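Here's a quick briefing to read alongside the model. Have the sequence and the 3D view open, and we'll go through it topic by topic.

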Amino acid sequence: MDKFVIRGGTPLNGTIRVSGAKNSALPCMAAAILTEEPVILENIPQVRDIETERKLLASMGAEVELGYGRAQHRTTLCCRNLAKSEASYELVKTMRASTLVLGPLVARTGSARVSMPGGCAIGARPIDMHLKGLELLGAKITVEHGYVEATADRLRGAEIVFDKITVTGTEDLMMAAVLAEGLTVMENCAREPEVVDLANLLTKMGAKITGAGTSTLRIQGVEQLHGAKHRIIPDRIEAGTFIVAGAVAGGNLIVEDCEPAHLGALLRKLREAGVEVSAAGDTVEISSGGQLKAADMSTEEYPGFPTDMQAQYMALATQAEGASVITENIFENRFMHVSELVRMGADIKIEGRRAIVRGKTPLSGAPVLASDLRASASLVIAALVADGETIIDRVYHMDRGYENIEEKLRGVGAQIRRVGDLIPKR
Ligand code: EPU
């Protein structure tokens, strides 16, 4: 298993580029199921989860073509012949977002068999709202032997009100409704930029959708969709991770190829914490040399502060003067990074959904364990300011969602390297 070895104490200076959004690329790839024609996606990040989704689609009979050289971030998907409407346990257990194929498969082929995802490191994460919505659209759902089976001759439009805001739930049902007969109105939808990106792709494919980016989506079903070409939006969480890293490590960092409009809540919070940030065009510039000060933060659905930035923000809070109260409202178990940050010297107490971080505490390098994707990012940020060397184990979590992070960070001065197994496997 690969590890990162990071020597802290060097500021980040220069320009760092943001890749395409993993959480937008995943539903957009699933949308290719909805048509017989090729869907060409550009700015696809080269990360493990995307590799898993390519495998998943190929296992169903999709033709998957990857770009080379300068076009290496392009993927063309053609689902002319779908031999198998199934997402196996082997794939779903490695990536929960595999459940995004459920809606498009039922809509296009009339049946889907998808393994139920289990709980994961950050919470129970049920998919009950995906299933309830599909039932309202006329699908017959059974759950047996760990698999969901959904069948329908043709889905029909319905009124769906989400009990709770769900990102992939909104995306899954939007993909089901675009081929349903008649009008679907969905209330209390997720407003994340990734939902809007998917709606934009579907619209290019011939879908009739209004309201993307608001809590009410209206979808007039069509008989069939056609191929399209689409560029995936920049990854706002990768951008945010670099911005926080720059704020904590010090120096003058320019984060390029991002969409500052998607980073509003984070940039406002960082200013409150004393970071100098300015946004222009597709760049954000961070300079931090002054003192960071404590600022309370609560995660919320978009446009609130993203849960996917909570762990990274906590690393920053350890370096701010005073007590910051960090409240996690989206997932019930997303504080796995706390014990590792404490091992590096942080002063953090957990009280239910709240973490109280008292700073500023000096951090010292230590061997630590990454427990999930964003927890890994938090440990990398902490390691950048820690005294001495930090060894982060299980960086495969990081590889699921960050493209070449060590090369990108090295390019702006970080002392980070990847090492393989120190003891060879037998
Ligand atoms: N929920 C239910 N029932 C459902 C669906 C969700 O109770 O049917 C609950 C969840 O358990 C959670 C809350 O609703 O407490 C919100 O979950 P949501 O469905 O919005 O999460 P998701 O769609 O599974 C996506 C991202 C996550 C991100 C969350 C929240 C993708 C592929 N994943 O997950 O990204 O944290 O939205 O913004 O888009 C990550 O990239 O590290 C990551 C975990």
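**Salt bridges, cores and overall build**

Let's start with one side chain: Arg113 counts as partly exposed, at 26% relative accessibility. Bear in mind that this is a predicted model. Arg113 pairs up with Glu149 in a salt bridge, and the structure holds 22 salt bridges.

**The Arg113 pair**

- In the Arg113–Glu149 bridge, the closest N and O atoms sit 3.2 Å apart.
- This one links distant parts of the chain: Arg113 is in strand S7 (residues 111–115) and Glu149 in strand S9 (residues 147–151), 36 residues apart.
- Glu149 is partly exposed too, with a relative accessible area of 37%.

**The Lys229 pair**

- Lys229 makes a salt bridge with Glu42, and here the closest N and O atoms are 3.8 Å apart.
- Lys229 belongs to strand S14 (residues 228–231) and Glu42 to strand S3 (residues 39–42), so this bridge ties together parts that are 187 residues apart in sequence.

- Arg418 forms a salt bridge with Glu406, with 2.7 Å between the closest N and O atoms.
- Again the pair links distant parts of the chain, with Arg418 in strand S24 (residues 415–419) and Glu406 in helix H14 (residues 405–411), twelve residues apart.

**Lys3**

- Lys3 is found in strand S1 (residues 3–7).
- Is Lys3 buried or exposed? Lys3 is buried, because its relative accessible area is 16% and the cut-off for buried is under 20%.
- Setting aside neighbours within four places in sequence, Lys3 is in contact with Ile391, Ile392, Asp393 and Val395, and also with Arg417, Arg418 and Val419.

**Nonpolar cores**

- The largest nonpolar core has 75 residues, and Leu34, Val101, Met174 and Leu202 have the most contacts inside it.
- Helix H1 (residues 22–31) gives the most to this core, with six residues.
- A second, separate core has 69 residues, among them Val248, Tyr313, Leu373 and Ala383.
- What does Leu202 touch, not counting residues up to four places away in sequence? The list is Ala31, Leu34, Met174, Met175, Val178, Ala207 and Ile209.
- Two of those Leu202 partners, Leu34 and Met174, are also named among the residues with the most contacts inside the core.

**Overall build**

- The protein chain has 14 helices and 24 strands.
- Its radius of gyration is 22 Å, close to the 22 Å that the globule rule gives for 426 residues, so the chain is as compact as a globular protein of that length.
- Along its principal axes, the C-alpha trace spans about 60 × 45 × 45 Å.
- Buried residues make up 56% of the 426 residues.
- Of the contacts with a separation of 6 or more, 73% are between residues 24 or more positions apart.
- The chain exposes about 17100 Å², and carbon and sulfur atoms supply 48% of that area.

Technical notes:
Residues numbered from 1 in each chain as written. Predicted model: local features only at pLDDT ≥ 70, side-chain atom pairs only at ≥ 80, totals over all residues. Heavy atoms only, no water. Core = buried A, V, L, I, M, F, W, Y, C linked by side-chain atoms within 4.5 Å. Buried < 20%, exposed > 50% of the residue type's maximum accessible area, 1.4 Å probe, protein only. Helix = DSSP H or I, 4+ residues; strand = E, 2+ residues; numbered from the N terminus. Contact = heavy atoms within 4.5 Å. Salt bridge = Lys/Arg side-chain N within 4 Å of Asp/Glu carboxyl O. Rg over C-alpha atoms; globule rule 2.2 N^0.38 Å. Areas by Shrake-Rupley, 256 points an atom, 1.4 Å probe, with all protein chains shown as cover.
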